[in-house]
Amino acid sequence: MTAIGSYFKIGPARLFVHAAVLLIVIIWLIPTLGIFVSALRDKDQIVVSGWWTAFVGSTQTAAVRLGTPDQQKQEGATYVISGNVLEGQTGRAVKAFGNRIQQPAAYKAGETADLGDGETLQINSDGSYRYVKNAAFSPDERPKRIYASVSAPPEFTMANYKTVLTGEGIGQSFINSLTVTIPATIIPILIAAFAAYALSWMEFPGRGLLIALVVGLIVVPLQMSLIPLLRLYNEIGNLLGQPSKTYPGIWLAHTAFGMPLAIYLLRAYIAGLPKEIIESARVDGASDFEIFVRIVLPLSFPALASFAIFQFLWVWNDLLVAMVFLGTDKDHLVLTGSLNALLGSRGGNWEILTASAFVTIIVPLLVFFGLQRYLVRGLLAGSVKGG
């Protein structure tokens, strides 16, 4: 039996699961691909066509003026102004043209249009034109405006990213987000790992009560503690004569908010480690600190990595805690804050918004795909047996 035949002989339930997963992946991938492609297009292309047409080109209506009267040449009884409406625009072609904004494609390229009053106009697909009149063009006459439907080939540019990173403050906000996220991910992991080991393998009074308290803190809404915690920060800052909205302050805030889940996940994993390994190390005279550093930490890497993904994504995408504990000044504004500000100031500039959005999501994507193999292993470990 071939591999394909074996695959299609699996049960309908498994096929349904595979189809559902594939559907979820497609639903997730399409918007991400749209953001990526739109960020590489210029403003004119985004306005006239969707991102899914980016690989086949687009058609735009452009308003252009013909040559001035001093460019006219007499040909027999007529006077002609000639030139090219696509001068300096390589790769583009005129599909149609018109002399009224209501009908910008009234005449096909190459067709001679009768404009009335003894005037005719012919525009070819390469942009060359002949504007003919029975009488001489008046020197005071303004160049005639016409409208052309121009097809443009697919064009991609990195100018949007350059504008975002240098001119919109996203580059500084990117650094600010890294400054917030990296310590706010490492600190709770270090503290929670020690706490999880103590709650799993060390006997002391009140251990069960502490475990119950940790589980209870997971369900406490973050918003309930924001104002009391901020007041505490302000009082401590006034007491020490230091500003309360600093990087160490937001590190501690994210650490406090992420600690209950970190302890819960890590304890479930560490408690599931073979008891014989811990007991053998104690028989050999190892202290709890040595057991933790040399045995438990290396074996707990999948659980540490799975929580690191959760904590990193949560802190990186956070806006509320950053605005409350760090502020919105330019030197401390995080990426989500800058993107929120752009929605107000650049709401119509989709090329800027999409480039900013992709800069925002690229780091979480790299973190997730780099550690995803540990995610399920870390979450499921310890679910069968525990201490």
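Leaving aside its neighbours within four places in sequence, which residues is F174 in contact with? Counting contact as heavy atoms within 4.5 Å, F174 touches W316, L335, V359 and V363. We will come back to this spot once we have toured the rest of the chain.

First, a word on what you are looking at. This is a predicted model, in which local features need pLDDT of at least 70 and side-chain atom pairs count only at pLDDT 80 or more, while totals for chains, interfaces and linings use all residues. Residues are numbered from 1 along each chain as its sequence is written, and side-chain values use heavy atoms, with hydrogens and water left out.

Let's start with the whole chain. The protein chain has 14 helices and 9 strands; these are DSSP runs numbered from the N terminus, with helices (H or I) of at least four residues and strands (E) of at least two. Its radius of gyration is 33 Å, well over the 21 Å that the globule rule gives for 387 residues, so the chain is more spread out than a compact globule. That radius is taken over C-alpha atoms, and the rule is 2.2 Å times the number of residues to the power 0.38. Along the principal axes, the C-alpha atoms fill a box of roughly 115 × 75 × 35 Å.

What share of the 387 residues counts as buried? The figure is 39%, where buried means under 20% relative accessible area, exposed over 50%, and partly exposed in between (1.4 Å probe, protein chains only). Among contacts with a separation of 6 or more, 71% come from residues 24 or more positions apart.

Now turn to the strands. Strands of a sheet pair through backbone hydrogen bonds, either parallel or antiparallel. Here, two strands pair if DSSP finds at least two bridges between them. Look for an open sheet of 4 strands in the order β1-β9-β4-β5, with antiparallel pairing. β1 (58-65) and β5 (107-108) stand at the edges with a single partner strand each, so one side of each has no neighbour in the sheet.

Follow β9 (residues 145-152) next. β9 runs antiparallel to β1, joined by 8 bridges, and S58 has A152 as its bridge partner in β9. β9 is also antiparallel to β4 (residues 93-98), this time through 5 bridges, with A96 partnered by S149. Of the 8 residues of β9, 7 are buried, so this strand is largely enclosed by the rest of the structure.

β6 (residues 112-116) and β7 (residues 119-123) pair in the antiparallel sense over 4 bridges, and the bridge partner of D114 in β7 is T120. The two strands form a hairpin with 2 residues between them, and D117 in the turn has a positive phi of about 60 degrees.

Leaving aside neighbours within four places in sequence, K133 is in contact with T78, Y79, G118, E119 and E141.

Next come some helices. I46 lies in helix α3 (residues 43-48) and is buried, with a relative accessible area of 17%. Beyond its neighbours within four places in sequence, I46 is in contact with S38, R41, W350 and E351. Compare that with E203: it is 157 residues from I46 along the chain, and their C-alpha atoms are separated by 64 Å.

This brings us back to F174, found in helix α5 (residues 170-201). F174 and V334 are 160 residues apart in sequence, yet 6.7 Å apart in space, C-alpha to C-alpha. Finally, find T360 in helix α14 (residues 350-380). T360 is buried, with a relative accessible area of 5%. Not counting residues up to four places away in sequence, T360 touches W316, L335 and L339.
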